[in-house]
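Visitor: I have a model open and would like to talk through how its pieces pack. Could you walk me through it?

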Amino acid sequence: MPCPHNFAANVSWLFPEMDSLLQRVDAAACAGFRAVEVAWPYDTEATELNKTLEKYGMELVLINTPPGNKERGERGLGADPKQRAEFRRGLDQAVQYAKAVHCKRIHLMAGRVPTGLDRTTVAMEMEATFVENLKYAADVLSKEGIMGLIEPINTRITDPCYFLNTPHQAVKILQQVDRPNMKLQLDLFHWQIMDGNLTQNITNYFPLIGHVQVAQVPNRNEPDSPGEINYSYIFKLLETLGYQGYIGCEYTPKGNTIDGLGWLRTQWTEH
């Protein structure tokens, strides 16, 4: 089992009973976490977040690039051929924020197939754009000692329009990018929904995996809630493969967040 401190509370999902990001980080620390991740922290001043992290000796291990214009339905811009300049501006914003809070991983969001366009028609152009943007990002991030990550997001439940939707597609893109600081974000919720075959996929793609996230399928609740994934088995598989990175707890608590952490307390006490 990966070391207990390698579990990170995703405070975009956990502790929804708290109003602010800083309160959620505080709650995560009090629950025993020593690391957190957050999708879009940009509404919170980086200096204030850093003070809270330092107060508890916590590490912020992952942020996302800005989503773009949410009112227009944007969810990342990395693969949008018409948004290259905006992607680079968002990347710069993410890098500056990450440096201020000492975060060493940035999820570079691919984004959605533009409204009104057919996925198969624009797939090649979007892939080429994403590869180009990731090469540019890898060079920028390498100067700061930051890892870039790409994450397939399922199109069956979560987001039918998201461009990057399977681990196989992501690996193909990473092979074209061919940069050592550009890795695969393994969100087991999405991988199970899109392809299953978790043992073989994790094993085959393990050298490319730079971050892991967990949630049960299909309801995206606690890992020990009823569902399709046997997380005791998955954690042992990761241990056997030698995974030493972080595991982000990115799920919707069925009730109070603290009450739902029994599965994690078990991991902490057994290891």
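Predicted model: local features only at pLDDT ≥ 70, side-chain atom pairs only at ≥ 80, totals over all residues.

Visitor: Fine. Which residues of helix 3 meet helix 4?

Guide: R84, F87, R88, L91 and V95 in helix 3 meet T129, E132, N133, Y136, A137, V140 and L141 in helix 4. By class, that contact has seven nonpolar, two polar and three charged residues, where Ala, Val, Leu, Ile, Met, Phe, Trp, Tyr, Cys and Pro count as nonpolar, Asp, Glu, Lys and Arg as charged, and the others, Gly among them, as polar. Helices (H or I, at least four residues) and strands (E, at least two) are DSSP runs numbered from the N terminus.

Visitor: And at what angle do the axes of helix 3 and helix 4 cross?

Guide: At roughly 30°, with the axes of helix 3 (residues 84-101) and helix 4 (residues 119-142) coming within 11 Å; axes are lines fitted to C-alpha atoms, for helices over the stretch in contact, and angles run from 0 to 180 degrees between N-to-C directions. Helix 3 and helix 4 are therefore roughly parallel to each other, a label for angles under 35 degrees.

Visitor: Switching topic, how many strands are in the barrel?

Guide: Eight strands form a closed barrel in the order 1-2-3-4-5-6-7-8, with parallel pairing, and two strands pair if DSSP finds at least two bridges between them. Neighbouring strands of this sheet are turned by 30° against each other on average, direction ignored. As one case, strand 6 (residues 182-187) and strand 7 (residues 209-214) pair in the parallel sense over four bridges, and D187 has Q213 in strand 7 as its bridge partner.

Visitor: Which strands does helix 5 lie across?

Guide: Helix 5 (residues 167-177) lies across strand 5 (147-150) and strand 6, running at about 170° to strand 6. Helix 3 lies across strand 3 (59-64) and strand 4 (105-107), at about 175° to strand 3.

Visitor: Last one: what does helix 7 meet in helix 8?

Guide: L198, T199, I202 and T203 in helix 7 meet Y233, I234, L237, L238 and L241 in helix 8. By class, this contact has seven nonpolar, two polar and no charged residues.

Definitions and conventions
Residues numbered from 1 in each chain as written. Heavy atoms only, no water. Parallel < 35°, antiparallel > 145°, perpendicular 65-115°, else oblique. Contact = heavy atoms within 4.5 Å.
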